[in-house]
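Please look over the sequence and the structure shown below before reading on.

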Amino acid sequence: MKVLVIGGTGFISGEIVRLTREAGHHLTLFNRGKAVSNPDIPTIFGDVDDLVSFKDQLVALNPEIVVHCICSTQKTSRDLVEVFKGQETRLLVLSSLDCYDLFQKTVRDHEIYGFPVSENGPLGSIQYYYRGLTKNPERDTYDKNLMTSVLLSASNEGNIVKPTIFRCPMVFGPKDPQYLSRHG
């Protein structure tokens with residue numbers, strides 16, 4: 001299978017790359033090249049915020065599946081749709097626990113209820129839920145619920161094949177950059 005991984009050098013995405021290679025699939029990466037996990041993997045160097053500029057190059061790969069590991073805003077999801085609109089490419093997009101109401105209330109020190117969080121739990125209603133909580137301006141537009149909405153709407157309109165949104169629960173492991181703050 002032809003697989004395009006957007007990202008591919010991080011904690012979870014690095015494992016996706018490793019396992020995809022071990023399974024014998026044809027793999028291409030798209031990333032900034034700041035961290036090279038495997039220099040022998042074909043890589044298109046670019047920034048996810050400029051994905052549309054690479055449309056011709058990415059579509060020419062004719063990937064059967066695109067695993068987008070860093071799609072976290074309306075813009076990154078709209079750009080993904082723009083690039084693969086009309087293609088038969090399957091999209092698998094990583095999401096996370098922070099889309100749920102319980103998580104958002106916990107982060108904002110609100111009263112919490114409903115443990116444990118389940119896949120059917122209520123989604124958060126706070127848009128841009130990290131806005132004002134960090135000094136990182138990239139977090140101001142982060143919103144996995146809005147990202148999901150863009151992708152599902154594009155699918156419902158027939159612009160892309162129905163995507164798979166994979167909501168990772170809280171995970172940790174030896175390469176987790178937040179391991180010490182979460183578990184240390």
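**Briefing on a predicted model**

Of the 184 residues of the chain in this predicted model, 39% count as buried. The chain has six helices and six strands, and, read from the N terminus on, these elements run in the order β-α-β-β-α-β-α-β-α-α-β-α. Among the contacts in the chain with a separation of 6 or more, 57% are accounted for by residues 24 or more positions apart.

**How helices α3 and α5 pack**

- Helix α3, made of residues 74-84, and helix α5, made of residues 144-156, pack at an angle of about 25 degrees, and their axes are 8 Å apart.
- Because angles under 35 degrees count as roughly parallel, α3 and α5 are therefore described as roughly parallel to each other.
- The crossing that α3 and α5 make is right-handed.
- On the α3 side the contact is formed by Q74, S77, R78, L80 and V81, which meet L146, M147, V150, L151 and A154 on the α5 side.
- When the residues of this contact of α3 with α5 are sorted by kind, they divide into seven nonpolar, two polar and one charged.

- The buried residues of α5 are K144, N145, L146, M147, T148, V150, L151, A154 and S155.
- What covers these buried residues of α5 includes the helix α3, the strand β5 (90-96), the helix α4 (101-107) and the strand β6 (164-168).

**Residue V3 in strand β1**

- V3 has its place in strand β1, which covers residues 2-6, and V3 is buried because its relative accessible area is 6%, where buried means under 20%.
- Although V3 and P63 are 60 residues apart along the chain, their C-alpha atoms are separated by 5.4 Å.
- If its neighbours within four places in sequence are left aside, V3 is in contact with T20, H25, H26, L27, T28, I65 and V67.

**Residue I12 in helix α1**

- I12 is found in helix α1, which covers residues 11-22, and I12 counts as partly exposed because its relative accessibility is 30%, a value that falls between the cut-offs of 20% for buried and 50% for exposed.
- I12 and L94 are 82 residues apart in sequence, while in space they are 9.4 Å apart from C-alpha to C-alpha.

Terms used:
Residues numbered from 1 in each chain as written. Predicted model: local features only at pLDDT ≥ 70, side-chain atom pairs only at ≥ 80, totals over all residues. Heavy atoms only, no water. Axes fitted to C-alpha atoms, helices over the stretch in contact; angles between N-to-C directions. Helix = DSSP H or I, 4+ residues; strand = E, 2+ residues; numbered from the N terminus. Parallel < 35°, antiparallel > 145°, perpendicular 65-115°, else oblique. Left-handed = near helix turned anticlockwise from the far one by under 90°. Contact = heavy atoms within 4.5 Å. Nonpolar A, V, L, I, M, F, W, Y, C, P; charged D, E, K, R; others polar. Buried < 20%, exposed > 50% of the residue type's maximum accessible area, 1.4 Å probe, protein only.
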